[in-house]
Amino acid sequence: MGRMSRRQFLETGAKGIAIASIPGIFKFDPSAAFATPLEDIVNLKEYYAHFGVDEKTVLEVMQTALEQGGDYCDIYFQHSIANTVGLEDNAVNRAYANVDFGVGIRVVSGDQTGYSFTEEITPKAMKLAAATAANIADQAKTVAPVGLEHKTLPDYYPVKTLWENVKIDRKIPYLQEINDKVFAKDSRIIKSRIRFSDSSSYVLIANSEGKTVCDYRPMTSLRVSCTAEQNGQRETNGYSLAARHGIEFFTPEKVQRLADEAVKRTIDLFEAVKPEAGEMEVVLAPGSSGILLHEAIGHGMEADFNRKNISIFADKIGKPVAPEFVTIVDNGTNLNIRGSLNIDDEGNDTEETYLVRDGILATYLHDRISARHYKARHTGNGRRESFRYAPIPRMRNTYMLPGPHAPEEIIKSVKKGLYAETFTNGQVFIGAGDFTFYVKSGNLIEDGKLTKSVKDINIIGNGPEVLANIVMVADDLKFAEGGWTCGKDGQGVPVSQGLPTVKVSSITVGGVS
Amino acid sequence: MNNKEKLELARWAVEQAKFHGAEEVSVDVAQSRNVEVEYRDGQLDKLKESTQNALDISFYDDNRYSSHGTNDLRKESLEKFISGAVAMTKYLNEDPHRKLPDPEFYKGQKDIDLKVFDSSYESVTSEQRVQISKEIESIARAQSDKILSCTAGYSDSFSQSVKVNSNGFEGESSRTAFSAGAEATVDDGEGGRPYDWNWATVRLFKDLPDLEFLGKVAVERALEKIGQDKMESGKYDMVVENRSAGRLFYSLFSPMQASSLQQKSSFLEGRLGEKIASGKFTLIDDPFIVNGLGSRLYDGEGMATKKRVKIDKGVLKEYYIDNYYGNKLGMAPNSGSTSNLTLEYGTKSLDDLIKEMKKGILVKNFIGGNSNSTTGDFSIGIVGLYVEDGRIVRPVNEMNISGNMNEFWNRLAEVGNDPYIYSSWRFPSLYFTDVQFSGI
């Protein structure tokens with residue numbers, strides 16, 4: 001698939017593959033990660049100690065990075081630990097863990113980027129990487145890095161217990177309990193697979209403008225997939241919950257709901273039909289339907305595509321793109337939501353950014369390069385998959401604010417259409433604006449009522465056209481609960497999305513004629 | 001670190017794991033060096049260069065299994081990593097099917113040179129890399145005044161890996177890969193900005209295609225999309241261009257895997273020996289193609305590879321069976337992953353296939369979509385060209401194809417003579433009759 005797999009959007013368990021509490025790796029007590037400002041400075045020192053560097057070394061590395069005339073550089077230290085425990089065929093019989101440790105050095109010269117990373121955090125290896133990244137620039141005039149100053153961050157993802165302190169024996173009972181609930185719920189269930197993933201990422205960012213920040217980033221997800229059989233017919237579906245949270249996220253209520261939803265969504269497929277092929281009215285259920293925004297407008301508003309003049313939204317800022325009751329934001333500050341960040345991956349504050357305000361196209365999603373290009377404010381959207389990649393503009397949590405209509409009123413208004421409820425993946429061509437998302441399940445709407453279940457249909461539309469065709473927005477905004485990962489330029493980052501019930505007057509639905 | 005040193009490290013890790021109580025162990029040590037250059041709109045845009053390491057270790061301890069990875073290869077870190085990982089494994093439930101492959105399957109490794117390593121790799125200079133990108137970009141940019149942006153690039157990689165299984169397998173490999181190409185976005189005059197790409201990946205530097213071809217075709221493909229629109233829903237014949245055709249096979253590959261069979265989520269369960277596709281479809285898994293992107297002498301579990309006919313004239317001959325799910329199913333493993341895929345190619349070119357269409361759609365790109373491996377249902381977005389009486393009429397987009405894989409492959413009427421060699425899945429252009437398209 002090569003280049004085609006860019007900008008694909010997949011629902012997965014947390015992106016990391018591995019997990020496990022591995023004692024003895026940490027030299028410091030990570031429980032100091034959430035603290036008052038005074039302790040926070042202690043915390044920064046611990047981050048330096050953890051990565052085995054000091055301010056002096058960091059400044060020297062920056063000096064090397066800028067010696068070819070680059071106008072900015074940043075250094076991104078990262079240590080992540082990821083774990084997954086899995087249940088299959090009624091036994092918790094597999095575990096995966098991964099440890100990743102390294103530093104990425106980026107040099108920027110105008111719009112140009114030089115990048116290198118090393119997994120060996122020694123002054124020598126870092127200077128070698130810095131010299132490699134420095135080659136992007138070719139200017140006699142050099143700038144010197146400014147002395148480092150530590151910045152204290154807000155805390156958008158407080159956790160009670162760090163994942164390093166949650167041993168595997170505490171996770172195993174969740175898997176067993178959910179498995180029991182799944183089989184108890186319906187005798188037609190023949191298989192159940194469950195994955196419990198968690199990860200912690202310790203990040204230290206220093207840049208040549210003198211800023212240093214450190215951040216602890218937790219993540220977790222629990223995913224259930226089941227297969228049911230009825231009269232020789234089989235169906236598979238599932239449900240997942242994900243958040244930047246600790247183990248306390250998985251309350252008894254959530255555990256019950258995971259099992260209930262996974263089973264219900266699977267069983268419903270037995271009765272499911274295919275809708276007619278072609279254009280029709282589509283109502284999007286509140287929640288993960290926010291994938292519509294992610295594909296139809298979100299990617300097109302990432303400022304790199306606009307500064308390169310390749311987005312269909314490239315000349316539409318300040319113009320009306322949707323009815324005035326439509327307001328769409330991308331927010332990095334929602335409490336414990338999967339796409340939230342205390343600070344973006346180039347050390348800029350995150351915020352609530354308006355993509356569309358009252359129907360008018362408002363602001364691109366900027367990283368540092370694009371903000372300078374447009375002489376615009378940073379929006380805190382510079383993100384990267386890991387220390388192996390240079391940051392680029394990415395979404396965080398993308399959602400539509402509540403509108404004036406009631407959900408019942410919206411469904412009642414449709415004579416013949418589709419109610420789309422659960423999704424697996426989507427994709428967009430930024431320039432032409434074509435986007436798709438795959439509906440795993442939903443319902444037909446006939447004469448204002450939800451009727452038969454539907455399954456496995458791709459929906460395809462054009463971003464600007466679909467925004468203009470939003471005719472009703474309800475007051476019931478919900479966030480997606482599952483673990484969404486967005487892919488762009490070969491980098492995957494965790495995101496979330498949300499939507500109230502929304503009606504679009506026409507989209508092409510892949511069905512049968 | 002060279003492969004000899006990697007092998008020593010892997011052996012050491014096996015011993016460490018055994019010392020800490022693991023019964024059987026599998027260790028992979030890999031290192032890769034990657035360089036990437038991008039040239040955009042007349043200017044160098046991105047330079048990236050790095051080396052990365054990985055050690056992956058799997059334990060088979062008293063019927064308990066876990067797998068761990070790290071990029072910190074210092075022995076003092078590894079020792080703690082391994083002892084912690086072995087300790088964790090003891091909390092898991094037993095799983096009698098988890099074991100290393102029977103050493104019988106390591107035997108018979110073919111003794112040939114697959115030529116997947118280019119010894120000229122070291123001599124490629126930074127200047128050359130930049131020059132190639134620059135040249136492709138300038139060729140692309142000169143193609144049309146409708147170009148809004150074009151980016152060209154070059155990248156190469158040198159990867160080495162070793163594998164040690166504690167029950168008697170050791171293997172090593174060295175590979176190089178070189179990629180170059182361009183992508184272009186053009187102005188359609190109505191606010192739309194169609195885009196396409198043309199990249200190629202090869203094992204040997206000298207096999208990179210002509211730079212003219214790389215730059216030119218990317219732009220031609222984007223220009224061809226100007227004026228694209230959807231059409232009436234209905235059944236049309238469909239030709240899928242070679243480079244996109246492999247996408248369709250994903251929908252068969254997942255249900256052919258042993259994990260799907262064992263988990264009762266495959267519509268191909270119990271279908272061995274049955275006709276699941278048209279007689280035109282013969283699919284071969286061939287690990288021995290010289291310079292092939294998927295060529296290998298042993299698979300990811302250490303098992304010796306073989307050339308295998310998976311689907312023979314439409315009849316399902318073999319699943320993809322890895323060691324673990326093979327044990328669960330009571331079936332002999334034959335490798336759970338693909339190497340190179342080839343078909344029994346036909347005699348017609350893409351142009352010949354287009355000429356045969358009375359009323360149909362030539363699919364050039366797929367967008368999004370998915371399929372259900374339990375039932376075979378699928379629905380995928382397309383971009384392409386509408387063809388009438390063998391002639392291209394206009395570009396189409398914003399349409400889906402839908403159906404069920406159980407019957408879809410039976411409508412494969414022709415197989416082209418044009419395998420796409422820049423992928424390990426070497427699909428040619430394929431002609432299907434009466435495909436359900438949805439549009440207006």
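N291(B) is partly exposed, with 14 other C-beta atoms within 10 Å. In this predicted model, N291(B) is located in the loop that links strand 8 and strand 9 of chain B. Although N291(B) is not a glycine, its phi is positive, at about 70°. A positive phi is also found at D434(B), another residue other than glycine, where the value is near 50°. D434(B) belongs to strand 16 of chain B, which covers residues 430–438. D434(B) has 13 C-beta neighbours inside 10 Å and therefore counts as partly exposed, since the buried class requires 20 or more such atoms and the exposed class 12 or fewer.

Strand 8 (residues 283–285) and strand 9 (residues 308–312) of chain B run antiparallel and are joined by 3 bridges. In one of these pairings, D285(B) has R308(B) in strand 9 as its bridge partner. Both strands form part of an open sheet of 4 strands in chain B, with the order 10-9-8-11 and antiparallel pairing. Strand 10 (315–316) and strand 11 (341–343) of chain B each have a single partner strand and stand at the edges, so one side of each has no neighbour in the sheet.

The average pLDDT of chain B is 97, and 100% of its residues score at least 70. For the model, ipTM is 0.95 and pTM is 0.93.

Chain A contains 10 helices and 23 strands. Its radius of gyration is 24 Å, close to the 24 Å given by the globule rule for 513 residues, so chain A is as compact as a globular protein of that length. The C-alpha trace of chain A spans about 70 × 55 × 40 Å along its principal axes. Of its 513 residues, 62% count as buried. Among contacts in chain A between residues at least 6 apart in sequence, 77% join residues at least 24 apart.

Two domains are assigned in chain A: domain 1 comprises 2–167 + 196–221 + 234–246, and domain 2 comprises 278–509. Their C-alpha centres lie 27 Å apart. Contact between them involves 43 residues of domain 1 and 39 residues of domain 2 of chain A. Strands of chain A that each supply at least two residues to the side of domain 1 touching domain 2 include strand 1 (8–11), strand 2 (72–88) and strand 6 (189–207). The largest share of that side, 6 residues, comes from strand 3 of chain A.

Strand 3 of chain A also takes part in the packing of two helices. Helix 3 (residues 123–134) of chain A has 12 residues, which should span 16 Å at 1.5 Å a residue, and its end C-alpha atoms are 16 Å apart, in agreement. Its buried residues are M126(A), A129(A), A130(A), T132(A), A133(A) and A134(A). These pack against helix 2 (55–65), strand 3 and strand 4 (112–118) of chain A, together with strand 2 of chain B.

Helix 2 (residues 75–89) of chain B has 15 residues and reaches 21 Å from its first C-alpha to its last, close to the expected 21 Å. Among its buried residues are F81(B), I82(B), V86(B) and M88(B). The buried residues of this helix are covered by elements that include strand 3 (91–109) and helix 4 (168–185) of chain A, as well as helix 1 (3–19), strand 2 (43–61) and strand 3 (64–70) of chain B.

Methods. Residues are numbered from 1 along each chain as its sequence is written. Chains are lettered from A and ligands numbered from 1 in the order in which they are written. This is a predicted model: local features need pLDDT of at least 70, side-chain atom pairs count only at pLDDT 80 or more; totals for chains, interfaces and linings use all residues. Two strands pair if DSSP finds at least two bridges between them. The radius of gyration is taken over C-alpha atoms; the globule rule is 2.2 Å times the number of residues to the power 0.38. Two residues are in contact if their C-beta atoms, placed from the backbone, lie within 7 Å. The expected span of a helix is 1.5 Å times one less than its number of residues. pLDDT is the predictor's confidence in each residue, from 0 to 100. Domain bounds come from an automatic or database domain assignment.
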